[in-house]
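Thanks for coming. I will go through one structure today, taking a pocket, the ligand site and some of the sheet pairing in turn.

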Amino acid sequence: MNRKTLCYCLLLFFSCQSNEQEQKDVLTNMSKPSMIQISKNAFGTAPDGAVDLFKLKNEQGMEVEIITYGAIVKSIKVPDKTGKIGEVTLGFNDLAGYLGEHPYFGAIVGRYGNRIAKGKFSIEGTPYSLATNNGPNALHGGIKGFDKVIWKAAEVPNGVALTYVSADMEEGYPGELTITVTYTLDKDNALKIAYEATTDKTTVCNLTNHTYFNLAGSGDILDHQLMIKADWMTPVDETLIPTGELKGVKGTAFDFRMSKPIGKDIDAEEEQIQIGGGYDHNFVLNMKPRTRTLIARVFEPSSGRTMEVLTREPGVQFYTGNFLDGTIIGRSGAIGKRSAFCLETQHFPDSPNQSTFPSTLLQPGEKYETSTVYKFGVKND
Ligand code: GLA
């Protein structure tokens, strides 16, 4: 038994928290030698230190690049229906792009993904105040969230594990939070993102990944066909904070229960679409709590590419790049409105202030543990 296999056995033995699906994944990995090539290279120097780039590649030619700044997914390349491998995410070629202004391309977002109303919440009667970096609200973990820090990285079987220790009161959040995000690639073109976190004081924690996808590789995403398994969504006010109600999707632009082109109702006269300038809303997923299930499927007809999303989270923020306006120059030129979409798996926005939403509290002694899979394929019609 080599060292890696021994580590995995120990991990399996001690991980009584893992759910059945995750234990199956571990067993599958143990029975096969790693099929994933992993390489590590320097990617430049940020003000806080050196940044590395890890490349994961499988035998089908799928490639995923991850950088230690922001634990960012820099690139995902997958085959189209002709077998040609091509880019399906937005991003930059060099570190300078990621150090400049951009809307969280590929990043791990935290400590709290999405908005907290007025940047205020209380835990056990103690009020906390965050920077308001999005109109009157706090967005995506603050001024220097997890997307702008350097993570420590270590190679693991089929992937890379990135760790960051967020100090007590960093960006206004209580408790020292230790986070590990593990990216692994499999032979069937699935990228898994596993999240773990522990704290030494009661805090809130809601982590997500903010990759922008365009399965055609360029152009807008209006012809992509999308299915989301959600009967309900959480309507928002003008500042994109949930009102607290759940609204049925039936008969609205938000009904993606049967696959439809993203562009079909994106400019509908409905109030929620007008507020979001398109889709920028949390969908309440139909699923069994804490069990990873298929929650969304995307098909892009010209390339034939498909993407399935599986998660253990109760919600997904579907965002259609409404704020992109051509001013950011990405790896293949100006990034225009609706040139990509995000499916950010997460707990609901503003949960710390909404007692009826699933809780995002994390207590000392508990483990935050969740995972999301983006699985790529092709279809001919
Ligand atoms: C999330 C938000 C959007 C926007 C993007 C980043 O998806 O809901 O409103 O802020 O992040 O630009």
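What you see is a predicted model, in which local features need pLDDT of at least 70 and side-chain atom pairs count only at pLDDT 80 or more, while totals for chains, interfaces and linings use all residues. Residues are numbered from 1 along each chain as its sequence is written, and side-chain values use heavy atoms, with hydrogens and water left out.

First, the second largest pocket. A pocket here is an open set of points on a 1 Å grid over the protein atoms alone, where a 1.4 Å probe fits, with protein on both sides within 12 Å along at least five of seven lines; lining residues have an atom within 4 Å of a point. The volume is about 660 Å³, taken as the space filled by probe spheres set on the points, which are joined across faces, edges and corners. What lines this pocket? There are 30 lining residues, and E101, H102, P103, Y104 and L139 lie nearest the centre. By class, the lining divides into 13 nonpolar, ten polar and seven charged residues.

Next, the ligand. It has 14 residues around it, and R115, H140, H210, D280 and E344 come nearest; a residue is near if one of its heavy atoms lies within 4 Å. For polar contacts, the cut-off is a pair of N or O atoms within 3.5 Å. E344 has a polar side-chain atom 2.8 Å from a ligand oxygen. For the side chain of H140, an N or O atom is 2.9 Å from an oxygen of the ligand, and for Q317 the corresponding value is 3.2 Å.

Now the sheets. Strands are DSSP runs of E, at least two residues, numbered from the N terminus, and two of them pair if DSSP finds at least two bridges between them. Five strands make an open antiparallel sheet in the order 1-2-3-4-5. Strand 1 (37–46) and strand 5 (85–87) are the edges, each with a single partner strand, so one side of each has no neighbour in the sheet. Strand 4, residues 72–79, pairs with strand 5 over three bridges, and V78 has G86 as its bridge partner there.

Elsewhere, strand 17 (residues 225–228) runs antiparallel to strand 20 (residues 260–261), with two bridges, L226 standing opposite K260. Strand 17 is also joined to strand 22 (residues 293–300), antiparallel, by four bridges, and I228 stands opposite A296.

Methods
Ala, Val, Leu, Ile, Met, Phe, Trp, Tyr, Cys and Pro count as nonpolar, Asp, Glu, Lys and Arg as charged, and the others, Gly among them, as polar. A polar contact is a pair of N or O atoms within 3.5 Å; within protein, one must be able to donate a hydrogen and the other to accept it, and residues adjacent in sequence count only if both atoms are side-chain atoms.
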